[in-house]
Amino acid sequence: MVSVTIIDRAGREETVEAAPGLSVMETIRQAGFDELEAMCGGSCSCATCHVYAQGEGLVPLSADEDDLLDSSDHRRADSRLSCQIRLSAALEGLRVTIAPED
Amino acid sequence: MVAGGGDPVDVLIVGGGHAGAQCAIALRQNGYAGSVAIVGREHEPPYERPPLSKEYFAREKSFERLYIRPPQFWEEKDIALLLGCEVVKVDPAAKQVVLSDGTMMTYGTLVWAAGGDPRRLPCAGSDLAGVHAVRTRADCDQLMGETDGGVKRVTVIGGGYIGLEAAAVLTKMGVAVTLLEAASRVLARVAGPDLSAFYEAEHRAHGVDLRTGVAVERLIGIPGGRVTGVALQDGTVVAADAVIVGIGIVPAVAPLIAAGAAGANGIDVDAFCRTSLPDVYAVGDCASFACDFADGAVMRVESVQNANDQATCVAKALCGEARPYRALPWFWSNQYDLKLQTAGISVGYDQTVLRGDPAARSFSVIYLKTGRVIALDCVNAVKDYVQGRKLVEAQACPDPGCLANDRLPLKGLA
Ligand SMILES: Cc1cc2nc3c(=O)[nH]c(=O)nc-3n(C[C@H](O)[C@H](O)[C@H](O)COP(=O)(O)OP(=O)(O)OC[C@H]3O[C@@H](n4cnc5c(N)ncnc54)[C@H](O)[C@@H]3O)c2cc1C
Ligand code: FES
């Protein structure tokens, strides 16, 4: 299992143990956080799963992810689409904050 | 279970699909403290439908990964799920509904989010075994059972997104697919000829026997048994071990219409998703509304975006934050390695601009109406999609020559 800390829009923080292979989007959803819309269900098509991610071992953004993130007014240097981060042991200790709604 | 004639449910949601689920989620998110219940015909807690013709069908995702929220979420948020039963009768004066098991429930507000049922083929043989729709998990599981069981030839009737997506997955699985479309091109209802031609060529290149302008006369098979083929009006017979029918949906609205709600193609709603009945809303695939992004034309929009955003709009209204529904329609479809993203509604366009190169499998079709950008279909062109949606929102009228020049970003053209 990989431990991931999720911080919601109100600043509430929770650390969960997640299964490798799942995306961070699925992990946030399964942890019962209700703020992430993730409308396209992880197809890298919608940008409604925007988070700020801090941790070691993150793979770089793909071009599609980068372009989609540009649609957000809240984009930052650590912006990611949570459906595009697949959990692995290398991401142990990852911290993700759900970005504000666009 | 909620007992018959018990306490009224403050918000009773009919249908546990995308819209119903999101309405309940958004109510709690916005601090709604009253009682909330979802009555749903299917047996599963709310799940995502798009993967049924994509990752789930391709077995890239298990069903558990499609849940809109984990099953325990509903209990935690005190949202009652009454699954495996449906609302069969509505009494708007008494504010009561009757469920298929005879239970009576009283509501404060009713939210009709019942989606639609697959349109059935209006010809002989449509009830043979081996004839499938792709709308629910159960539909999809049946189909997957058949391909596991050795079905080698599938005929898909209908060249809309669902039919095309199913054809793509089946082809990848090594199934021989014939796709029959009655119109002269696929996607005729939702996209322009450039996009149709592109997808037709792609499917053919992947081995799909795609035929347009063909009329199905009847399905043939062993009476009372399995389908064996599709007879066309020109006399041809296409042999098939199974048939997928993807010819659109019929809105699931009969009980509400019987109760007096206005509507013909779905339930008519106003800008706040209110029906003509007091305290009854309708959202998602079954709601017919005057769409701001189609110059006020009355339509139903069948997409996750519309289901989610209308549901959120109603939930906010019930929490005292009523605002008219005005969200840019968008949609996606994945076939093979092609990512299609659409923004806006292309109905009524009088000009299209092709941007990028279909041969390079990365391009966009931009739809204009009297010079104004009203919609885009972007294939493997995420940047165009992201920047182009802003043009639709801004009702921009850029120079078509500039739109066609893919070295000029769409961003600068608003
Ligand atoms: C295979 C497939 C692929 C799709 N792909 C995409 C895509 O890529 N992108 C996209 O944007 N959209 C896609 N869609 C469309 C999208 O799934 C729908 O627009 C969306 O599900 C609509 O949500 P809804 O809640 O209005 O209806 P639904 O999700 O259909 O939910 C309605 C629910 O209500 C239930 N119900 C009906 N009548 C009653 C009753 N009387 N009482 C109780 N329950 C009732 C139904 O059984 C159903 O469970 C796809 C749809 C399908 C079927
Ligand atoms: S869920 Fe749509 S982009 Fe991540």
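Predicted model: local features only at pLDDT ≥ 70, side-chain atom pairs only at ≥ 80, totals over all residues.

Residues are numbered from 1 along each chain as its sequence is written, chains are lettered from A in the order in which they are written, and side-chain values use heavy atoms, with hydrogens and water left out.

Chain B brings 30 residues to the contact and chain A brings 23 residues, where contact means heavy atoms within 4.5 Å. The area buried between the two chains is about 2200 Å², with 44% given by carbon and sulfur atoms; buried area is the accessible area (1.4 Å probe) lost by two parts on being put together, summed over both. Four salt bridges are counted between chain B and chain A, a salt bridge being a side-chain nitrogen of Lys or Arg within 4 Å of a carboxyl oxygen of Asp or Glu. One of them joins the side chains of A:Asp34 and B:Lys77, at 3.5 Å from N to O.

Within chain A, an open sheet of five strands with mixed pairing runs in the order S2-S1-S5-S3-S4; strands (E, at least two residues) are DSSP runs numbered from the N terminus, and two of them pair if DSSP finds at least two bridges between them. Its edges are S2 (13-18) and S4 (79-81) of chain A, each pairing on one side only. Strand S1 (residues 2-7) of chain A pairs with S2(A) in the antiparallel sense over six bridges, and A:Val2 has A:Ala18 of S2(A) as its bridge partner.

Key
Helix = DSSP H or I, 4+ residues; strand = E, 2+ residues; numbered from the N terminus.
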